[in-house]
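Me: I'd like to learn how to read a protein model, one feature at a time. Could you take me through this one?

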Amino acid sequence: MAEAVYILCALTSLACAVMLLRAYKRTGTRLLLWSGLCFVGMVVSNVLLFVDLVVLPTSIDLFLPRLIATLASASILLYGLIWDAS
């Protein structure tokens, strides 16, 4: 059951990223771009989570790459929020 949840989280993040980036392409609102890029990072993080916990053996740990992907996606959104506010 956990595997299905990991996959569904990645697919949901991907759907959000696609919708946000399509809306950015249509309207040109920069906040949509930053939000879409944040969700792209979340997709990467969710895929790494699935690979780490389901695909790879327990001797290989992808915790640090998952953490870096999550930090990067949150940082992109934070940068966009600060940059668009000024």
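Reply: Helices (H or I, at least four residues) and strands (E, at least two) are DSSP runs, numbered from the N terminus. Here the elements of the protein chain run α-α-α from the N terminus on, with three helices and zero strands. Before we go on, this is a predicted model, where local features need pLDDT of at least 70, side-chain atom pairs count only at pLDDT 80 or more, and totals for chains, interfaces and linings use all residues. Residues are numbered from 1 along each chain as its sequence is written, and side-chain values use heavy atoms, with hydrogens and water left out.

Me: What does pLDDT say, and what is the average for the protein chain?

Reply: pLDDT is the predictor's confidence in each residue, from 0 to 100. Where it is low, the predicted coordinates should not be read in detail. In this protein chain the average is 94, and 99% of the residues score at least 70.

Me: What span should helix 1 have at 1.5 Å a residue?

Reply: The rule is that the expected span of a helix is 1.5 Å times one less than its number of residues. Helix 1 covers residues 2–27, which is 26 residues, so it should span 38 Å; its end C-alpha atoms are 37 Å apart, which agrees. As for what follows helix 1, that is Gly28, whose phi is positive, near 80°.

Me: And the protein chain as a whole: what does its C-alpha trace span along its principal axes?

Reply: About 45 × 20 × 15 Å. For surface, accessible areas come from the Shrake-Rupley method with a 1.4 Å probe, and for residues only the protein chains shown count as cover. The protein chain exposes about 5800 Å², and carbon and sulfur atoms supply 76% of that.

Me: Which residues of helix 1 are buried?

Reply: Buried means under 20% relative accessible area, exposed means over 50%, and partly exposed is in between (1.4 Å probe, protein chains only). In helix 1 the buried residues are Ala10, Ser13, Ala17, Leu20 and Ala23. What covers them includes helix 2 (30–55). In helix 3, the buried ones are Arg66, Ala69, Ser73 and Gly80, and these pack against helix 2. Over the protein chain, 23% of the 86 residues count as buried.

Me: What does Asn46 touch, leaving out residues up to four places away in sequence?

Reply: Contact means heavy atoms within 4.5 Å. By that test Asn46 touches Cys9, Ala10 and Ser13. Asn46 has its place in helix 2, and it is buried because its relative accessible area is 16%.

Me: How about Ser73: is it buried or exposed?

Reply: Ser73, found in helix 3, counts as buried at 4% relative accessibility. Setting aside neighbours within four places in sequence, Ser73 is in contact with Cys38, Gly41 and Met42. Ser73 and Leu37 are 36 residues apart in sequence, yet 7.0 Å apart in space, C-alpha to C-alpha. For the protein chain, residues 24 or more positions apart account for 57% of the contacts with a separation of 6 or more.

Me: How many aromatic pairs does the structure hold?

Reply: Rings of Phe, Tyr and Trp (its six-membered ring) pair if their centres lie within 6.5 Å; planes under 30 degrees apart count as stacked, over 60 as edge-to-face and the rest as tilted. The structure holds three such pairs. One of them is Trp34 with Tyr79, edge-to-face at 5.5 Å centre to centre and 85° between the planes. That pair links distant parts of the chain, with Trp34 in helix 2 and Tyr79 in helix 3, 45 residues apart. Trp34 is buried at 14% relative accessible area, while Tyr79 is partly exposed at 46%.

Trp34 also pairs with Trp83, again edge-to-face, at 5.8 Å centre to centre and 80° between the planes. Trp34 lies in helix 2 and Trp83 in helix 3, so this pair ties together parts that are 49 residues apart in sequence. Trp34, Tyr79 and Trp83 form one aromatic cluster.

Me: And what lies over the face of Trp83?

Reply: A charge sits over a ring if NZ of Lys or CZ of Arg is within 6 Å of the ring centre and within 35 degrees of the ring normal. Here Arg30 lies over the face of Trp83, at 4.3 Å from the ring centre.
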